[in-house]
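User: I would like to go through the terms used for this model and see what each one rests on.

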Amino acid sequence: MFSQLRRYILTTLLLIFCLPRSHWACTLNSGAQEKQKDWWQTGQFYQIYPRSFMDSDGDGIGDLKGVTSKLEYLKDIGVTAAWLSPIFTSPMVDFGYDISDFYDIQPEYGTMDDFRELIARAKELDLKIILDFVPNHSSNESEWFKKSVARERGYEDYYVWVDARYDENGNRIPPSNWLQAFRGSAWEWNEQRQQYYLHQFTVQQPDLNYRNPAVVNQMKRILRYWLEQGVAGFRCDAVPVLFEVLPDENGIYPDEEKSGLTNDPDDRSYLKLDLIENQPETIDMIYQWRQVMDDHQRIYGGDTRVLLIETYAPAWYTMQMYGNSTTEGAHLPFNFNLITELENGVSATKVLKAVDDWLLNMPAGRTANWVMGNHDRGRAATRFGPERVDAMNMLVMILPGASVTYQGDEIGMTDGDVSWEESKDPAACNTNSSIYQKYSRDPERTPFQWNTEKNAGFSTATQTWLPVADNYETVNVEVELAADRSHIKVYKSLVELRDSSKTLQYGDWKYKALNENIFVVKRYLSGSETIIYISNLGDSAETIDLTTNFDTTLPETMNIKISSVDSKKTEGSTLQLNNISLEVGEGLVLSTA
Ligand code: GLC
Ligand code: MG
């Protein structure tokens, strides 16, 4: 009797507490899953380097009309948003990263009307356009700088001006030992003003003074101006160098210590960068820009306007850019780990570290992103080897979060050959003919390869601003789209999969380096298909058993959704998971669906 009563009470308790609980848990779960992600959280971002994308008027230089004429191409390969390297008025010392008028278009790229046309056409195609915001510096030909040199009222402190120091022989010396990015001192003497000014990049790129509220306001005005033109956000350039430490009470700037990394005293890495990079004030400025974006959206409505941040900084710093528990920051501080950590060769263990370094440091609730390349680093196909391009493109699309492609990486473009005489990049031209290749960014900036015609279909000019790479007859959009198997087809299949797979958009993840060569990612979501990425990033063929070495809950076989160009495995066939052989560079995307 007593035991019966006890059972009754127990059962009732169970019913009251446990059943509804599991039911609530279920609802919560699916509620969380159904919460729509915002466009930028799962989107494909694509970087256009306008000077090298498409030339519409035959002057050998890409332009806005050229970009507009290729928007359908971007749509076709599944791009969500394209960010454009600077298109503003510029003397082109650093190819647009030296802006003389932040409110107008560089004439060789087109006019404001051409820009409006680009935005309008993009809108029709449901493509988002993001501009490059260069907040750290202007061109020395900007009106602001000229006025500042002349100490015109309101512009006196627009830049970082400081008196000279003198050595024991009475020679004028710069205020500190700081070095610029493209060799030599970060300080330049100005005769007219009789002071030095700071430039973290070339002499022609004076640093704006962010301790001056007028500068801060001017830069926010620029953001609003382009937002009103209908852009979907900004990629913010060179953000970690925005602020430098303040001088001491005597106006003296402290010297940086030596880094011990190189013996070349003109190379920026000769010194530590503790005083001129990664200052706390910069993080706050990002939060202020975010406010500008959110305010604009509140007033005008429409989709989220995004802030993407260029940052080569350590994780403790970069992760603060996302925001904190009270304040929102950048939507996506760019994750360059797969570039910077694989500089000296790629292996599964290095990839594991690069992935860990982002995902294990990222604050909860934020969105990851994976950048494959940009206009400052060698091309992905050259860095990783052409045989690994598909496997790497797969990786950035299968990992959680947004993916970022640099123009041409979808077709496997390699670094072009640019001789010393043909060199244009100040990072190269400030060196000499024997070492320029180590510094030059021209090879990754050669014209986009559209087809087998003259200048790869980029331009009808006799000479293009940089030479077209030699391999354009085999590596180009037209040939690859016509081929049965090609890099671009792999790329398109990946984007299609990302767009259609809830698992890739919302699912959880698990990843592992099985050894030096093999990297695996599993994406899974209850009620949806499981997706596996597996690749051989090493230098020798491998045969592996995925069920015992990675995940014992995997089924015996899965379907091959996508295979890299040189893979012998047929898409659509099934694969035995306990015995997978992988050639060098081979990459596969498998699915239970
Ligand atoms: C960023 C750009 C680079 C430019 C520099 C100065 O790093 O990506 O191309 O030279 O900023 O603006
Ligand atoms: Mg042109």
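User: What makes H137 a polar contact of ligand 1?

Analyst: This is a predicted model, and in it a polar side-chain atom of H137 lies 2.9 Å from an oxygen atom of ligand 1. The cut-off for a pair of N or O atoms is 3.5 Å, so the H137 pair, at 2.9 Å, counts as a polar contact.

User: Which distances put D94 and D237 in polar contact with ligand 1?

Analyst: For D94, a polar side-chain atom is 2.5 Å from a ligand 1 oxygen. For D237 the corresponding distance to an oxygen atom of ligand 1 is 2.8 Å.

User: How many residues surround ligand 1, and which are the closest?

Analyst: Ligand 1 is surrounded by 14 residues, and the closest are D94, D237, E310, H375 and D376. A residue is included if one of its heavy atoms lies within 4 Å of the ligand.

User: Why is the pair D264 and R183 called a salt bridge?

Analyst: The side chains of D264 and R183 meet at 3.0 Å, N to O.

User: Where is D264, and what does it touch?

Analyst: D264 is in the loop between β11 (233–236) and α8. Leaving aside residues up to four places away in sequence, D264 touches R183, Y270 and Y439. Its C-alpha atom is 25 Å from that of H375, a residue 111 places away along the chain.

User: What are the two domains, and how many salt bridges cross their interface?

Analyst: Domain 1 covers 44–136 + 213–490, and domain 2 covers 143–198. The rule finds one salt bridge across their interface. Between the domains there are also eight residue pairs in polar contact. On the side of domain 1 that touches domain 2, helix α7 (residues 213–228) provides the largest share, five residues. That side divides into 16 nonpolar, five polar and nine charged residues.

User: How do you know that the domains touch when 29 Å separate their centres?

Analyst: The 29 Å is taken between centres over C-alpha atoms, whereas contact means heavy atoms within 4.5 Å. By that test, 30 residues of domain 1 are in contact with 18 residues of domain 2. The two domains bury about 2000 Å² between them, with 61% of it on carbon and sulfur atoms. Y253, D266 and R268 supply 28% of the area that domain 1 buries against domain 2, more than any other three residues.

User: What makes D303 and K128 a link between distant parts of the chain?

Analyst: D303 is in the loop between α8 (280–300) and β12 (306–309), K128 is in strand β5 (residues 128–133), and the two are 175 residues apart. Their side chains meet at 2.9 Å, N to O, so the pair falls within the 4 Å limit for a salt bridge. The structure holds 33 salt bridges.

How values were computed:
Residues numbered from 1 in each chain as written. Chains lettered and ligands numbered in written order. Predicted model: local features only at pLDDT ≥ 70, side-chain atom pairs only at ≥ 80, totals over all residues. Heavy atoms only, no water. Domains from an automatic or database assignment. Buried area = accessible area lost by both parts, 1.4 Å probe. Polar contact = N/O pair within 3.5 Å; in protein donor to acceptor, adjacent residues only side chain to side chain. Helix = DSSP H or I, 4+ residues; strand = E, 2+ residues; numbered from the N terminus. Nonpolar A, V, L, I, M, F, W, Y, C, P; charged D, E, K, R; others polar.
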